[in-house]
Amino acid sequence: MPAVNFSDPTGTDRHRAMDGPLGRAVMAALRAPSILNTQPWRWRIHDGAAELWADRSRQLTHLDREGRLLTFSCGIALHHAAAALTALGHRPGIDLFPDDREPDLLARLWVGEPHRPTSDESHAFQSMLSRRTDRRPGLGDVAVPAYLLRQLRGAVERSGAHLHLVPDEQLPVLMVAGDHAAQIESADPGARADLTRWTHRPQAAREGISADTVAPEVVRRVPHRQFLSGGDAHLDPGVGSDRTADYAILFADGDGRLDWLTSGEAMSALLIVATMHHISVNPISNVIEVAATRATLAGLLCQLGHPMLGMRLTVAAATPPPRETRRSPAEVIDA
Ligand SMILES: Cc1cc2nc3c(=O)[nH]c(=O)nc-3n(C[C@H](O)[C@H](O)[C@H](O)COP(=O)(O)O)c2cc1C
């Protein structure tokens, strides 16, 4: 499938579209997190709707051959746009996979009834914009309260997916899976090439993982992906530890492209609620990329569903990590 490419009509049309609710919602959704910050989406605003397209030129060729994490990332962007539309005073309308002939057209978003946003919805929108991935070890002494973990699970369930809170007795299995995934990927030249490509982007490209958001390797309760080695990682890890961190697996009933997309929407809902309550979420996806460890995670779910993403949950640090870059609206939105 070739990369999506649209022509840009007159500047006036674009200006009008970008100033409207859909344009503003889609611009806010550019802050959505994505696998290796690939930002694998394109938006096209026309005829009263915003179309979300998968950008296959940004798919990880080895780590994500099927497009599972690409589609999941796009699901996060879609939910971000819908949450923004709500906060801007409109009910969002969404069609998933609206055209059978266009498999890369993932969704169509339109403006529904006027709606007076609640203070919670406005807070959610602000949290969505301020959220960042913090890879430093957690605060150590304080665990996320159980009632907040239940709220995260509720947010995921309401969005059509599930959240397994990993109990202490399953942690050794998650630990071994994390180690195993890291070993398999570091022995695979294709996987290493994917990682190198997206951790060594020129600054002007505003994509990929920058050294400022990666901490040097430290001892972890569950191993995390090491993006950059030693002195190449510039984020000060601080003095915290993951001693009281919680771990969770977001999972779905099925394992097709619709499940990947709706799981991404559920992840966005989780991220927003987490940020509103000062919970930091660090995704762990190498255990999903490697088929063998994905199967191990399915075992932790007693085969009740299909794992989509692992994550570490900690109380957010008082000082946030640096903000990761994003491409400009002109590069991503056709209007
Ligand atoms: C599907 C998915 C998988 C991810 N996997 C990892 C991971 O394995 N390790 C990690 O530290 N961050 C992971 N992330 C976080 C992204 O790297 C991060 O969202 C991106 O670099 C943008 O930074 P931000 O979240 O601070 O805006 C993942 C994010 C998504 C959406």
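**The ligand and its surroundings**

Helix 3 (68–87) and strand 7 (279–284) each contribute at least two residues to the shell around the ligand; helices (H or I, at least four residues) and strands (E, at least two) are DSSP runs, numbered from the N terminus. Helix 3 provides the largest share of this shell, 4 residues. This is a predicted model, in which local features need pLDDT of at least 70 and side-chain atom pairs count only at pLDDT 80 or more, while totals for chains, interfaces and linings use all residues. Residues are numbered from 1 along each chain as its sequence is written, and side-chain values use heavy atoms, with hydrogens and water left out.

In total, 23 residues surround the ligand, each with a heavy atom within 4 Å of it. The closest are Arg131, Thr133, Arg135, Ser285 and Arg326. Domain 1 (11–130 + 324–334) and domain 2 (146–315) both give residues to the shell, so the ligand lies between them; the domain bounds come from an automatic or database domain assignment.

A polar side-chain atom of Arg135 lies 2.6 Å from an oxygen atom of the ligand. At Asn282, a side-chain N or O atom is 3.1 Å from a ligand oxygen atom, and at Pro283 a polar backbone atom is 3.1 Å from a ligand nitrogen atom. The protein buries 98% of the 620 Å² that the ligand exposes when taken alone, by the Shrake-Rupley method with a 1.4 Å probe.

Notes: Polar contact = N/O pair within 3.5 Å; in protein donor to acceptor, adjacent residues only side chain to side chain.
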